[in-house]
Amino acid sequence: MPSIKQFQVTFDCAEPERVARFWCEVLGYVVPPPPEGFATWDDFGRSLPPEDQGSWFACVDPSGVGPRLFFQRVPEGKVVKNRLHLDVRVATGLVGEERLATLEAECARLVALGAVRERLLPADDDNESCLVMQDIEGNEFCLD
């Protein structure tokens, strides 16, 4: 039987640290310690060539369960819909008005962090309601 592989989710973005810190707040993730020999990430960044400074940032699940998130600076902006998106599971097991209230409360918290609410996808015969949103650089995700 093949072994389970670890993976990270990589975001292309314009401002890696800003987007990483947004997702830390959304998911309860943390910034890992800086590399050995550096007291802070700023110290590490200053050790890099100018063109590499601020070119990437990462965050991790403090419990070690979720994937590492990696944010890399790219020159081009986002121009089309994501082919992959994150579902942020905040209302698992909830239905009806209780689910909607939970989704709306989390939406309000994330909008205060800079997210944008796109639309509510109402419950149907197959799926419960969810909210389609965008992070601070326009990457789509769902509150589910």
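Let's start with Pro-32 and the residues around it. Setting aside its neighbours within four places in sequence, Pro-32 is in contact with Trp-41, Ala-58, Cys-59 and Val-60. Please keep in mind that this is a predicted model. As for where Pro-32 sits, you'll find it in the loop between α1 and α2, with α2 being residues 41-46. If you want a distance to check on your screen, take Phe-11: Pro-32 is 21 residues away from Phe-11 in sequence, and their C-alpha atoms are 17 Å apart in space.

Now let's zoom out to the whole chain. How many helices and strands does the protein chain have? There are three helices and seven strands. Reading from the N terminus, the order is β-α-α-β-β-β-α-β-β-β. The C-alpha atoms fill a box of roughly 55 × 40 × 30 Å along the principal axes. Of the 144 residues, 32% are buried. And if you take the contacts with a separation of 6 or more, 57% of them join residues 24 or more positions apart.

The accessible surface is about 9200 Å², and carbon and sulfur atoms contribute 55% of that. The chain carries 14 positive and 25 negative side chains, with the centres of the two sets lying 2 Å apart.

With 17 residues at 1.5 Å a residue, α3 should span 24 Å, and its end C-alpha atoms are 25 Å apart, which agrees. Which residues of α3 are buried? They are Arg-99, Leu-103, Glu-106, Cys-107 and Leu-110. Looking down the axis of α3, these buried residues fall within an arc of 110°, so they line one face of the helix. Here is the background for that: an α-helix has 3.6 residues a turn, so residues three or four places apart point the same way.

And what sits over that buried face? The cover for the buried residues of α3 includes α1 (16-27), along with the strands β5 (116-121), β6 (130-134) and β7 (140-143). Turn to the other side of α3, and you'll see Glu-97, Glu-98, Ala-105 and Ala-112, which are exposed. Finally, just after α3 comes Gly-114, with a positive phi of about 115°.

That's the tour, and I'm happy to go back to any of these spots on the screen.

Methods:
Residues are numbered from 1 along each chain as its sequence is written. This is a predicted model: local features need pLDDT of at least 70, side-chain atom pairs count only at pLDDT 80 or more; totals for chains, interfaces and linings use all residues. Side-chain values use heavy atoms; hydrogens and water are left out. Helices (H or I, at least four residues) and strands (E, at least two) are DSSP runs, numbered from the N terminus. The expected span of a helix is 1.5 Å times one less than its number of residues. Buried means under 20% relative accessible area, exposed over 50%, partly exposed in between (1.4 Å probe, protein chains only). The arc is that of the directions from the helix axis to the C-beta atoms. Contact means heavy atoms within 4.5 Å. Accessible areas come from the Shrake-Rupley method with a 1.4 Å probe; for residues, only the protein chains shown count as cover. Lys and Arg count as positive and Asp and Glu as negative; His and the chain ends are not counted. The place of a charge is taken as NZ of Lys, CZ of Arg, CG of Asp or CD of Glu.
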